[in-house]
Structures are given as structure tokens and as C-alpha cells.
Amino acid sequence: MMREDIPSPVLSLHAVVVPLPAQGHVNPLLHFADLLRERGFFITFVNTEWSEKRMLQSSKQFSHRSSFRFLSFSDGLPPEHGRTDQLGELMAALAKCGPVVEELLRRDHGSCSGVPPVTCIVTDSAMSCTLSVAANLGVPRVVFWSICAAASIAQIYANVLLSQGHIPVQVSEAKRPEKLISGLPWNIPDLWPTDLMSFYREQNESDVIFKALLYESHQSNEADYTLVNTFEELEGRDAISALSTNGCPALAVGPVFLPKVLQGEESKLGSMWGENESCLEWLDKQRTGSVLYVSFGSLALKSQQQLDDIALGLEGSGHPFLWVLRSDIAQGHTAVLPEGFQKRTTDRAFIASWTPQLKVLEHESVGGFLTHSGWNSTLESISMGVPLLGWPCLADQFLNCRFAKEIWKVGLDFKDVDVDENRLVTREEVESAVRDLMQNELLRKRAFELKEAAIKAVMPGGSSFTNITAFIQDMLEKAK
């Protein structure tokens, strides 16, 4: 995308952007904020202090941009709290932070000259504290969904599904035909109970995260505008429209990271981990489409026995692989690889603690992605034309995995992981699935088609590009 294709800037607009302080939520909102900055917005990115310390690289990267700045506030939790490891407690604490965020913005506005008045608050769908902030400041609250439209719809209607008895999810009965969730609005594909947020599974209704998610479900409907990080050609306009339960505009604006990729300006936006770029030199030496990329994201945990079977399955597949193996991925201890594994695979394996994922997926040698099916990873893989082998473990990942296989037809999965995320997937299963993925020409063709559609969506005249333009025009009208 050429910069001259971007509409003239409108520097009087000021978006305050407030993410949920977790890697998978910070990243897309940072990318979207930068798209708005490029279109003329002044950006104030509001993090928790804990999150901002972990994203120091991003802060440095934006330090030279006069129209992009970071502010932070205390989430009220003690320094030793696990935050994303205890997500329910974190969300409950954040829900009370409205007054703190409002005071931060008012104090900042009074002390800074040359900063435009706030036009809107672009808020993660799980940051209900921004409801009072937007109301008290008298600006629109723009709810941004960092998960796919289908998963967002399921979350919006969580309280309805609770009243209908679909929640809490009884996993042992989840695959019975009578349990299928049909009749969701706007022709949304029928859902299995296991497609819902995993935190709704057989939880006591007094569980902290269970209650927090139901509360956020209700508050996410209180939007003046709704945006979602997907594209119409993938999920359909009906799915996007269903995100508006109160009649407010609802638009698809993704993939929000892709314009920068097309401009050749990939970055470490929002990364909370040190990235090992030496893997790119290794990829340069591999055959086109031959490498399996393996990454389970920043939160997934695996037993040592499961890690052994993954390693031996990758070895047995015969395919080269790049494996992101976090030191903390093993439950309760540091990950250990089977004896002799690294020596036996040294000619066709690269193991790193973290990698620049977009650059990896964009590389011509990568032909498949064994993934935890997080939405960012799923959307990045689709946008780069790389087929998926899904292995979900929590949150919306189960829906993403099933939709990649059954609806979008760009992926494979492992049997019954959706009903037992802790079941041991054997080395034989891993080996067979990897071979199926890497040799499946139909998946490769479909992945290429979706890549082309994603690129078209974010280019000038494309659906997402046009939707962002419409959003900017609406914000201009509201700012008058």
C-alpha cells in the first residue's frame, strides 16, 4: 500500500486507546492505533503500569512520533500478582479502574499543551471501566473486538446463553446433537457448546472469571461504535452486523497488522517477549513451503509427557520445523527435550524461545503452522497464506480451530482436543497430522485464496480500508 493512497490527515482527532493488558489484546489495538495515527489521529495509548513495563520495546519504537504517546495507570494489584495467570482477578480489578483512568486523562489534558481534545475512546471489549470514562468525558465509546466476529457474537450473547441453559457448559454432554446452539442472529453458523469461551466450562457460577466474563458480556453491548479485527470476506457482513445489539455501527477493520506488512514495515508492536531473529537466516536456507512453524502462544501449558510426544512426532514427520519452545511452557518446571532429540534433528530443526511471528509466517519456506489457534495467530496465518493445524487450549481458541477447519477450510485439528484439552496427543498423531498438513494441496490453495482476500480488504478500496475511512468520517462528524 502506498502512503499517497491514505486520505489526508485530520489532526484535530484524538483517540484514547485502552487495551486489556494481555499480549493478544495489546497487539491488535496497537496496530489499529497506528493505522489511525497514519490517517491523522493523535493517539494516547493507555496501559496498565504492569503491561507498559513489559512492552518497553513498543514504547521506544513510538517515542519519536509526536502524535503517539503512552500513559499508564495502576491496576490496583500487588506487584507479585500473576495478572494473566489469574485472569479473573485481573478483570475484576480492571473493572473498578474507571475513576483512575478518567483522572489520568483529565490530569494529563490539563498539563499538556498542543494535545487535541479527546474525540473518542477506543476500548478493548473486555475493559468495561471505560464505559463511565467515555460517559463522563462526553465522547463516543468505540468497542474493539480483538477476537473473531463469531467468537465476539458468542460472548455478546453469553448472558442469553446462560438463561437458555447453554452456560455453564457441560463438556461431557457437549457433542450431543440436541446441545447444538442454533438460531443465533444474522445466519451465524451453529455453535457447539465447546465453541464458547472455555472459561464457561463447568464452572461454578460464583467463579471469579465466570462472573467477570458475564459482566463484560453485558457491558460490551453498551457501545456507540463497534469494530472487529476481521474482514468481511472471511466471516461475512452478517456476522459483523450481529455485533451491534443496540443499533450502533459495526464494522470489520482487519487484519489490522497487514497494512504495515504490505508497506514492508513489520515491527515488534506490543511484544512482551524478546524475539530471536536468527531463525530467519535459518529459514532462508530451507526449501519453499517445506518448514512447519510450531508455536503455542504466550500462555499455553503442556505436560512434560506431552512435550516429549510433540518432539518425537515432529521428528518422525520428516519435515523441517521451527519450534517456539518457551522455557515456561512445561507445567511446573523448565521444559526438557527427549534425550538425543536435538542431535538427531539438528539438520532440520530450529528451536527458539520466541520469534518474530509475522516475519516467520511471511517467509516463503514456511508451509504450515501448528498453533494454539489464538485469533491473532490464526488471522496472521490466514493473511500470510499458511495452512493451520490447530491445538487449542483455552478461551476462544476452540471456536477458531473449528472454524478454520470446517467453515473457512484452511486447517486441520486433533480429534477430541476440544472436549479434553489435557488429553495426551500421541507422537503418532502428531506425526500423521503434520504430514497431512504439509502435503495437503487443497488447504494450500484455500490458504492462498484467503491471503489474496485479506490483502484486497486492507488495500485502498477494499472492505476494511473503506470501513476505517467510514469510521474516521463518523468521528469527524461527532467531533464537530
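Pro 255 lies in the loop between β7 (250–252) and α12, and the peptide bond that joins Gly 254 to Pro 255 is cis, with omega near -5 degrees. The model is predicted: local features need pLDDT of at least 70, side-chain atom pairs count only at pLDDT 80 or more, and totals for chains, interfaces and linings use all residues. Residues are numbered from 1 along each chain as its sequence is written, and side-chain values use heavy atoms, with hydrogens and water left out. Helices (H or I, at least four residues) and strands (E, at least two) are DSSP runs, numbered from the N terminus.

**Backbone features**

- Most residues other than glycine have a negative phi, and most peptide bonds are trans.
- A cis peptide bond also runs from Ile 167 to Pro 168, with omega near 0 degrees.
- Pro 168 is placed in the loop between α8 (158–163) and α9 (208–220).
- Ala 395 is not a glycine, although its phi is positive at about 60 degrees; this residue lies in the loop between β12 (388–390) and α18 (397–407).

**His 166**

- His 166 is found in the loop between α8 and α9.
- Leaving aside residues up to four places away in sequence, His 166 touches Leu 161, Lys 179, Ile 181 and Leu 196, where contact means heavy atoms within 4.5 Å.
- From C-alpha to C-alpha, His 166 and Gly 461 are 41 Å apart in space, and they are 295 residues apart in sequence.

**Helix packing**

- Two packed helices are described by the angle between their axes and the distance between the axes.
- Axes are lines fitted to C-alpha atoms, for helices over the stretch in contact, and angles run from 0 to 180 degrees between N-to-C directions.
- Helix α1 (residues 23–38) packs with helix α21 (residues 463–479) at an angle of about 65 degrees, and their axes are 11 Å apart.
- Helices α1 and α21 are therefore roughly perpendicular to each other (angles under 35 degrees count as roughly parallel, over 145 as roughly antiparallel, 65 to 115 as roughly perpendicular and the rest as oblique).
- In this contact, Phe 32, Leu 35 and Leu 36 of α1 meet Ile 468, Phe 471 and Ile 472 of α21.
- The residues of the contact of α1 with α21 divide into 6 nonpolar, no polar and no charged (Ala, Val, Leu, Ile, Met, Phe, Trp, Tyr, Cys and Pro count as nonpolar, Asp, Glu, Lys and Arg as charged, and the others, Gly among them, as polar).
- The axes of α17 and α20 cross at roughly 95 degrees and come within 6 Å, which makes α17 roughly perpendicular to α20.
- Ile 382, Ser 383 and Met 384 in α17 meet Ala 447, Leu 450, Lys 451 and Ala 454 in α20, and the residues of this contact divide into 5 nonpolar, 1 polar and 1 charged.

**Pocket and cavities**

- On a 1 Å grid over the protein atoms alone, a cavity is a set of points where a 1.4 Å probe fits but cannot get out, and a pocket is an open set with protein on both sides within 12 Å along at least five of seven lines; lining residues have an atom within 4 Å of a point.
- Grid points are joined across faces, edges and corners, and a volume is the space filled by probe spheres set on the points.
- The second largest pocket holds about 280 Å³ of space.
- Its lining has 20 residues, of which Glu 362, Met 384, Gly 385, Val 386 and Lys 451 lie nearest the centre.
- Helix α20 gives the largest share of this pocket lining, 4 residues.
- The lining of the second largest pocket divides into 10 nonpolar, 6 polar and 4 charged residues.
- The structure holds 5 cavities of 30 Å³ or more, and the second largest cavity has about 50 Å³ of space.
- Helix α7 (residues 149–156) gives the most to the lining of the second largest cavity, with 3 residues.
- The residues lining the second largest cavity include Asp 195, Leu 196, Met 197 and Tyr 200.
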